[in-house]
Amino acid sequence: LFGTATRSAGLLAAIWPTTAMLLGAMVRWPHLASPVGWATVVIGLPLDNVLHGGLPADAVLQASADLVGIVTGYLLFSRLEMADRSLRHPMSVLYLVTIVVTASAAAGLVGIVAAPLLFDRDPISTWSVWMATELLNYIAVLPVVLAFPTASWRWLIDRRRRPRFAGFDPPRIIPIVALVASCIGGLLVGGPGAVAFPVPALLWCAVTYTLFTTAVLTLLFGAWTMTAISLGQFVVMLHHESQ
C-alpha cells in the first residue's frame with residue numbers, strides 16, 4: 001500500500017519495499033516459502049494494484065516482474081548457508097549485492113515486455129530504469145530483513161521488565177544526532193553534492209551500532225534521499241543545452 005502510494009502516473013513507484021520484504025522474509029524464515037506462501041504472493045501482488053484502480057492486465061505485468069525478481073533472488077539465496085543469509089560474514093555482503101543485481105536484472109527483463117504496454121517507452125531504457133529501481137529498493141530494504149534479530153520480541157519483553165533508562169548511554173546517541181543534523185544540512189545546502197553530506201555520519205553509525213541498527217539507519221537514509229530527490233530538493237543530473 002505504501003509503495004503504490006508513491007507511484008506517479010506512468011512511472012514506477014519512488015519507493016517499493018514490497019519485493020525486498022517478501023524476498024527477505026522467505027530467505028530469513030524459510031518456512032514462509034511454502035506453497036501457501038507463494039500462492040499468497042502470486043495473488044497479493046496484482047491484487048494491490050487492482051484495488052488502487054489499476055487495470056488487471058497492467059497489474060499482472062507489474063506483478064510478474066516482481067515475482068520473477070523474488071523467485072530469482074530466492075533460488076540464489078537458497079544456495080547459501082544460513083549464516084550468509086543473515087549477513088554474519090564479510091563475504092555475505094558480496095553475495096547479497098551479486099544476488100540483488102541478478103534479481104533486479106531478471107525483473108527488468110519482464111519490464112522490456114511490459115514497457116510498450118505500460119509506459120509507451122523504449123524497452124531498453126525501461127529495462128535499465130526498472131533494474132535500477134529494483135536494485136535501489138533491494139539494497140535499502142533487504143539488509144534490514146536479513147539482519148533482523150531472531151530474538152527481538154523476547155529482547156523487547158525483557159526490556160520492559162528493566163527500570164526505565166537502565167543501561168542508557170547518552171553518548172551512543174551522538175552518531176544518530178549527527179546523521180539527522182547532516183541530513184538537514186544537506187537540504188539547506190542543496191546541489192548534487194548534498195546527498196553525500198550524511199555519509200560520514202552514516203559511517204560513524206556503522207562502527208558504533210549493531211548490524212541491524214545500521215541497516216535500519218541506512219534504510220531511513222535511503223528513503224529520505226529518494227523522497228528528497230522526488231520532491232526536487234536535490235538536483236542529481238545537470239542538463240546542458242546544446243550550443
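Guide: Let us begin with bending: the bend at a residue is the angle between axes fitted to the seven residues ending there and the seven starting there. In α7 there is a kink of about 30° at Ile139, shortly before the proline Pro143. The model is a predicted one, in which local features need pLDDT of at least 70, side-chain atom pairs count only at pLDDT 80 or more, and totals for chains, interfaces and linings use all residues. Residues are numbered from 1 along each chain as its sequence is written, and side-chain values use heavy atoms, with hydrogens and water left out.

Visitor: What makes a segment a helix, and how many helices are there in the protein?

Guide: Helices (H or I, at least four residues) and strands (E, at least two) are DSSP runs, numbered from the N terminus. The protein has eleven helices and zero strands.

Visitor: How does the reach of α7 stand against the expected span?

Guide: The expected span is 1.5 Å times one less than the number of residues. Helix α7 (residues 123-146), with 24 residues, reaches 32 Å from its first C-alpha to its last, close to the 34 Å expected. Helix α4 (residues 56-77) has 22 residues and reaches 31 Å, close to the expected 32 Å.

Visitor: Why are the rings of Trp38 and Tyr74 called a pair, and of which kind?

Guide: Rings of Phe, Tyr and Trp (its six-membered ring) pair if their centres lie within 6.5 Å; planes under 30 degrees apart count as stacked, over 60 as edge-to-face and the rest as tilted. By this rule there are four aromatic pairs. The centres of Trp38 and Tyr74 are 5.5 Å apart and their planes lie at 80°, so the pair is edge-to-face. Trp38 lies in helix α3 (residues 35-51) and Tyr74 in helix α4, so the pair ties together parts 36 residues apart in sequence.

Visitor: What makes Phe148 and Phe212 an edge-to-face pair?

Guide: Their values are 5.3 Å centre to centre and 90° between the planes. Phe148 lies in the loop between α7 and α8 (152-161) and Phe212 in helix α11 (residues 211-230), so this pair ties together parts 64 residues apart in sequence. Phe148, at 25% relative accessible area, is partly exposed.

Methods
Buried < 20%, exposed > 50% of the residue type's maximum accessible area, 1.4 Å probe, protein only.
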